[in-house]
Amino acid sequence: MTARDASPTAPSPAAPSHAARPVADVAKRARPLGLRFIVAVANEPWQEHDAARTAERWAVLCTEHGDPTLGNSPVRDAALRDAVTEVRTLFAIAEPQAAANALNAALASATATSELAQLADGRWALRPALPYDARAATAYRMLAVAALADWFAERGRPAWGHCAAPGCGNVFIDEGRRQPQRFCTPTCATRTRVAAHRRGTAGE
Ligand SMILES: [Zn+2]
């Protein structure tokens, strides 16, 4: 992943551009089915979706992140929610040895080999060899564990977390170079800072 891919901020709306940049474009420049996909699926409010909406959103997220074929995989909504819950617990582990242990256990149970897969837009991705008939939950779990383990190795620590903003609940990938990231977006960081400031000036 290049530093450009890893930039946590979307292109500034003020940047010179001939046309409005669709959201899907941002995902297209990132690694197919990479960390942005893992985070997008982890942050989707699946518990609010019925079975039809779950299948629809899974297809949309897969397509936006470079693999419409995976979007057609069978979706059992309860199983997908369980897989997302499991992956979200990985995002909560900040201690390196504990994160390594959890990821190693997940990698061992997935027993996945890697394969080069060509995606609809022609790009190639190195990713876990998904079973021919992989269901959405299985595919997501395998992709997430592999991507997170890869990122851990690249950064030398579990560089991720759950957003510290009250009421947010999003997970994020820590792409910063210096201080550990605490919030999913600059919006959540600002909102929390402003709220703390208000409490400080209005409180006793
Ligand atoms: Zn947040």
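Helices in this account are DSSP runs of H or I with at least four residues, and they are numbered from the N terminus. By this rule, helix H4 is followed by Gly66, whose phi is positive, near 100°. The structure described here is a predicted model.

The protein chain contains 9 helices and 4 strands. Read from the N terminus, its elements follow the order α-α-α-α-α-α-α-β-β-α-β-β-α. Of the 204 residues in the chain, 29% are buried. Among contacts with a separation of 6 or more, 58% are between residues 24 or more positions apart. The average pLDDT of the chain is 83, and 82% of the residues score at least 70. Residues 1-28 have a pLDDT below 50, and this stretch makes 14 contacts in the model beyond near neighbours in sequence.

The largest nonpolar core has 42 residues, and the members that touch the most others are Ile38, Tyr140 and Leu143. At least two core residues come from each of the following elements: helix H3 (35-43), helix H4 (51-64), helix H6 (77-91), helix H7 (96-110), H8 and strand S4 (171-173). Helix H8 gives the largest share of this core, 12 residues. Apart from residues up to four places away in sequence, Ile38 touches Val87, Leu143, Ala144, Ala147 and Leu148.

Helix H8 covers residues 136-155. Of its 20 residues, 14 are buried, and the helix is thus mostly covered. Its length agrees with expectation, because 20 residues at 1.5 Å a residue should span 28 Å and the end C-alpha atoms are 28 Å apart. The helix is followed by Gly156, which has a positive phi near 75°.

Helix H4 has 14 residues, and from its first C-alpha to its last it reaches 20 Å, close to the 20 Å expected at 1.5 Å a residue. Its buried residues are Thr54, Ala55, Trp58, Leu61, Cys62 and Glu64.

Strands S1 (residues 114-118) and S2 (residues 124-128) run antiparallel and are joined by 5 bridges. Together they form a hairpin with 5 residues between the strands, and Gly122 in the turn has a positive phi of about 95°. Within this pairing, Ser114 stands opposite Pro128 of S2, and the bridge partner of Ala117 is Ala125. Trp124 is found in strand S2. Leaving aside neighbours within four places in sequence, Trp124 is in contact with Leu116 and Gln118.

Towards the end of the account comes the region named in a database record. An unreviewed UniProt entry carries the annotation "domain: Zinc finger CGNR" for residues 161-199. Over these residues the chain is 36% helix and 13% strand, and the end C-alpha atoms are 25 Å apart. Asp174 lies in the loop between strand S4 and helix H9 (186-202). A residue is buried at 20 or more other C-beta atoms within 10 Å, and partly exposed between that limit and the limit for exposed residues. With 18 other C-beta atoms within 10 Å, Asp174 is therefore partly exposed. Its contacts, leaving aside neighbours within four places in sequence, are Ala159, Trp160, Gly161, Pro180 and Gln181. Asp174 and Trp151 are 23 residues apart along the chain, and their C-alpha atoms are separated by 9.9 Å.

Notes. Residues numbered from 1 in each chain as written. Predicted model: local features only at pLDDT ≥ 70, side-chain atom pairs only at ≥ 80, totals over all residues. Buried ≥ 20, exposed ≤ 12 C-beta atoms within 10 Å, placed from the backbone. Contact = placed C-beta atoms within 7 Å. Expected span 1.5 Å × (residues − 1). Pairing = 2+ DSSP bridges. Core = buried A, V, L, I, M, F, W, Y, C linked by C-beta atoms within 7 Å. UniProt positions renumbered as here; feature names shortened; annotations may be inferred. pLDDT = per-residue confidence, 0-100.
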